[in-house]
Structure formats: C-alpha cells, structure tokens
Amino acid sequence: MTDAISISNAQLRFGETAALDGVSLAIPQGTCFGIVGESGSGKTTLMRAVLGLQKLDQGEIRILGNPLVHSRAALKQRASFIQPIFQDPAASLSPRSRIRTLMNEVGTVLREPHAAMHERLRVILNRLGLPPGVIDKYPHEISGGQARRVAIARALLMKPSILIADEPTAGLDVSVQGDLLNLLQDIRRSDNITLVVISHNLAIVRLIAENAVVMRAGKVVEGGEVGSLFKSPREAYTRELLAAWPGVTQSKPTG
Ligand SMILES: Nc1ncnc2c1ncn2[C@@H]1O[C@H](COP(=O)(O)OP(=O)(O)OP(=O)(O)O)[C@@H](O)[C@H]1O
Ligand SMILES: [Mg+2]
C-alpha cells in the first residue's frame, strides 16, 4: 500500500541553522506515527513542510504517493484530506469570528447538511469535554486549553485521512490529556486515519504510536517500532530523552 507520507532527504536551512538536515521517513497509512525530539530539533518545520507551508531547499515529500505541489489550488485541495493541529491553537482560530462560523465553514467545504455536521460536532465537543455553548464564543473568550480543543474539534470535523498534531496535549489538564489521546485513537481506528503525533513527551508517543522517529538538530537519529525503540535505544541521545520521562520504558498497557 502507498505510504500516507513519505519524505526523502528533506533539507531546509534558515540562515546558519539547518532546521532539516536530510530527513527521510515513511509513514504507512492507517498507523499512528510519533515524532519526538528536543526543542529546536526541527519537528514543527517538518510538519510545515509536509503541509506545503514551507518549501524545502532539497528533497521530496509525497502525500499518498503524490509529490507535494506548492500552488494555492493544491493547498486548498490538500486541506480536505490532510489536517493540522498546530502547536499554537490560536493559529487555527480566526480572532474576529465566532467559533460557530469556523465550524460552519467545514460544512460548506464538505457540502454536508448543516444538521448532520452539527450532530457530528456535538459528539466531538462532548468527547473533548467542551460545553456545546463554546461555539457561540469568540476565540478571546475561551481559555488556551479550550482553544486547543476547539482547534482539534475543527480538524476532526473535516474528516481528514491524515491528521498531524503538534504537541496536541500541551497546556491540557492530565485528565483531559488522557481523554484526548483516547479520542484520537478511537477516531483513527473507526475512520482509518493516519495520525502523526509530534511531541517532546515520550510517554505520550510510547502510549499511542506504533512507530516513531527521534529527531535532533534537523536529523532523524533513530527510529522504529516504539516498543523496541524506547526499550533499547541505540543512541545516547534517545537514552537522554528517555531519562527525562521516567516510566516510558515500561511495557505498554494492553486492552
Ligand atoms: N521561520 C523561521 N526562521 C528562522 N529560523 C527558524 C524558523 N522556524 C524554525 N526555525 C529554526 O529552526 C530550528 C527548528 O525549529 P522547529 O520549530 O522546527 O523546532 P521544534 O522541534 O518544533 O521545537 P519545539 O519543540 O520547541 O516546538 C530551530 O533552530 C528554529 O530556531
Ligand atoms: Mg515545534
């Protein structure tokens, strides 16, 4: 089967900084893939490149087998099957519109009847622990954690086949973090979504991803199935990262 995302030798510099320094990886369809690494290792840059928001200096990215094209039309078309959850949720919300307007746009894009879309939205908001009334608020009237969940709701509402989430649990209460991870897993399984989770939290990646890569200074330093990757990392750097997240090497809960 064609990979959901395949990246070969991605290179991108910002002045002196090699944000991406020869990244290659392949993400099989329908799987959950983790990208971990310390701050500044290039995770968000890689995500922006995959979304076509950042051009590579060199290398190639294919989405479902098709090379990434940087036209406005291609960007718009891609939105229907690849959805981001940005590290900064404010980036997904427009300050001057009520959240309802943002959600209604999804119905327009999907050409879905208003009532059906709002029924799906009601279920998603409920699972994210958001009150239904949240859609009548403006972004500045909700908390940071709520804004993150609203951004996630909007991305899920689009029924993407690929979802890329950059630090999806940042700023959320621990109890809500668990609910969110379960929701993402449930939706991935029921809708056969490919889920890419970017996080500096190895515990989260260990919990939900099948495969992961470890990035450092724009390079993939190691990767593989999360069980073996985190149980017996080859790289000293991965061991350092693991040391910051005690308990990650314990076996995965089953069921
Ligand atoms: N627009 C930009 N202009 C200049 N430098 C940039 C830009 N975006 C990223 N960088 C640099 O590229 C490197 C990788 O940044 P990136 O945001 O991808 O890291 P990250 O792994 O997402 O970090 P974090 O965990 O803090 O989110 C960093 O050195 C950063 O300073
Ligand atoms: Mg980042």
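This is a predicted model: local features need pLDDT of at least 70, side-chain atom pairs count only at pLDDT 80 or more; totals for chains, interfaces and linings use all residues.
Local features require pLDDT of at least 70 and side-chain atom pairs pLDDT 80 or more, whereas totals for chains, interfaces and linings use all residues. Residues are numbered from 1 along each chain as its sequence is written, chains are lettered from A and ligands numbered from 1 in the order in which they are written, and side-chain values use heavy atoms, without hydrogens or water.

The shell around ligand 1 (residues with a heavy atom within 4 Å) consists of F14, T17, A19, E38, S39, G40, S41, G42, K43, T44, T45 and Q87. Of these, 8 are polar, Gly being counted in that class, 2 are charged and 2 are nonpolar. β2 (17-28) and α1 (43-50) each contribute at least two residues, and α1 gives the largest share, with 3.

Polar contacts (N or O pairs within 3.5 Å) reach oxygen atoms of ligand 1 from the K43 side chain at 2.7 Å, from a polar side-chain atom of T44 at 2.8 Å and from a backbone N or O atom of G42 at 3.1 Å.

The structure holds 1 cavity of 30 Å³ or more, a cavity being a set of points on a 1 Å grid over the protein atoms alone where a 1.4 Å probe fits but cannot get out. The largest cavity contains about 60 Å³ of space. Its lining (residues with an atom within 4 Å of a point) comprises I5, I7, L25, I27, I35, L46, M47, V50, I164, V196 and I198. Two or more lining residues come from each of β1 (3-14), β2, α1 and β8 (194-199), with the largest share, 3 residues, from α1. The lining has 11 nonpolar residues and no polar or charged ones.

Conventions. A polar contact is a pair of N or O atoms within 3.5 Å; within protein, one must be able to donate a hydrogen and the other to accept it, and residues adjacent in sequence count only if both atoms are side-chain atoms. Helices (H or I, at least four residues) and strands (E, at least two) are DSSP runs, numbered from the N terminus. On a 1 Å grid over the protein atoms alone, a cavity is a set of points where a 1.4 Å probe fits but cannot get out, and a pocket is an open set with protein on both sides within 12 Å along at least five of seven lines; lining residues have an atom within 4 Å of a point. Grid points are joined across faces, edges and corners, and a volume is the space filled by probe spheres set on the points.
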